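Here is a short tour of one protein model, written for someone who will be turning it around on screen. Please have the sequence and the 3D view open side by side.

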Amino acid sequence: MQKAAWSTPTAPHAIEPVHRLWPRCSRYLVSEDGAITDTCSRYGDDYKPKTHICRKGYARVNMVVDGHKRMMQAHRVVAETFIPNPDNKPQVNHINGVKTDNRADNLEWVTNSENVTHAWASGLRVGVPLRDELGRWAS
């Protein structure tokens with residue numbers, strides 16, 4: 001018995017992440033998995049800017065915005081590119097609590113209150129809460 005010519009391949013093919021231009025500066029290509037690429041760099045069209053982990057644990061990326069060098073938070077760049085913000089919420093929350101996991105499906109726009117509530121509920125913030133569950137100051 002012969003094997004069919006149309007048999008499935010032994011190794012699955014990886015699905016390429018979606019890439020979009022960053023709305024604030026079209027020189028940067030942002031992928032939904034959190035990678036940022038500079039398309040106008042003197043080092044080549046696919047240059048990955050340097051990423052640093054700040055003291056608070058977030059990934060920051062060296063970028064040029066309006067002709068000025070800036071250290072941008074990588075999760076905010078990904079959120080601005082892929083996640084709509086119709087309520088104009090000011091902060092970006094990592095849903096799983098890992099500050100370096102900048103995939104678009106792990107980020108959400110939140111208010112400061114929502115962000116703090118998520119940190120307490122998920123165990124990211126520990127210690128004595130300033131307010132109790134009714135919003136009264138804890139003593």
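Let us begin with a single residue. Setting aside neighbours up to four places off in sequence, Leu21 makes contact with Ser26, Tyr28, Leu29 and Thr81. Leu21 belongs to strand β1, which covers residues 19–21. With a relative accessible area of 45%, Leu21 is partly exposed. The C-alpha atoms of Leu21 and Ser31 lie 8.7 Å apart, although ten residues separate the two in sequence.

## The overall layout

Please keep in mind that this is a predicted model. The protein has eight strands and two helices. Read from the N terminus, the order of elements is β-β-β-β-β-β-α-β-β-α.

The protein has 139 residues, and 27% of them count as buried. If you take the contacts between residues at least 6 apart in sequence, 33% of these link residues at least 24 apart.

## The nonpolar core

Which residues touch the most other members of the largest nonpolar core? They are Trp22, Val30, Ile36, Met63 and Val77, out of 20 residues in that core. Elements that each give at least two residues to this core are β2 (28–31), β5, α1 and β8 (107–110). The largest share comes from α1, with five residues.

Beyond residues up to four places away in sequence, Met63 touches Trp22, Tyr28, Ile36, His68, Lys69, Arg70, Met72 and Val77.

The largest pocket has a volume of about 450 Å³. Its lining is made of 20 residues, and those nearest the centre are Tyr58, Gln91, Val92, Lys99 and Asn115. Helix α1 (74–82), strand β7 (91–94) and helix α2 (112–121) each contribute at least two lining residues. By type, the lining of the largest pocket splits into eight polar, seven nonpolar and five charged residues.

The second largest pocket has a volume of about 320 Å³. Fourteen residues line this second pocket, with Tyr43, Tyr47, Asn62, Val64 and Lys69 nearest its centre. The elements giving two or more residues to that lining are β5 (59–65) and β6 (68–73), and β5 gives the most, with three residues. The lining of the second largest pocket holds six nonpolar, six charged and two polar residues.

How many disulfides does a search of the whole structure find? The search finds zero. Cys25 is in no disulfide, and the nearest cysteine sulfur belongs to Cys40.

Is Cys25 buried or exposed? Cys25 counts as buried, because its relative accessibility is 15%, and the cut-off for buried is under 20%.

## Loop residues worth a look

Asp45 sits in the loop between β3 (36–38) and β4 (51–53). Its relative accessible area is 62%, so Asp45 is exposed. Apart from neighbours within four places in sequence, Asp45 is in contact with Thr37, Asp38 and Thr39. The C-alpha atoms of Asp45 and Arg27 are separated by 9.8 Å, and the two residues are 18 apart along the chain.

Next come two loop residues with a backbone angle to check. Most residues other than glycine have a negative phi. Asp66, however, has a positive phi, near 55°. Asp66 lies in the loop between β5 and β6, and counts as exposed at 69% relative accessibility. Asn88 also has a positive phi near 55°. Its place is the loop between α1 and β7, and with a relative accessible area of 64% Asn88 is exposed.

Definitions and conventions:
Residues are numbered from 1 along each chain as its sequence is written. This is a predicted model: local features need pLDDT of at least 70, side-chain atom pairs count only at pLDDT 80 or more; totals for chains, interfaces and linings use all residues. Side-chain values use heavy atoms; hydrogens and water are left out. On a 1 Å grid over the protein atoms alone, a cavity is a set of points where a 1.4 Å probe fits but cannot get out, and a pocket is an open set with protein on both sides within 12 Å along at least five of seven lines; lining residues have an atom within 4 Å of a point. Grid points are joined across faces, edges and corners, and a volume is the space filled by probe spheres set on the points. Helices (H or I, at least four residues) and strands (E, at least two) are DSSP runs, numbered from the N terminus. Ala, Val, Leu, Ile, Met, Phe, Trp, Tyr, Cys and Pro count as nonpolar, Asp, Glu, Lys and Arg as charged, and the others, Gly among them, as polar. Buried means under 20% relative accessible area, exposed over 50%, partly exposed in between (1.4 Å probe, protein chains only). Contact means heavy atoms within 4.5 Å. A nonpolar core is a set of buried Ala, Val, Leu, Ile, Met, Phe, Trp, Tyr and Cys residues joined through side-chain atoms within 4.5 Å. A disulfide is a pair of cysteine sulfur atoms within 2.5 Å.
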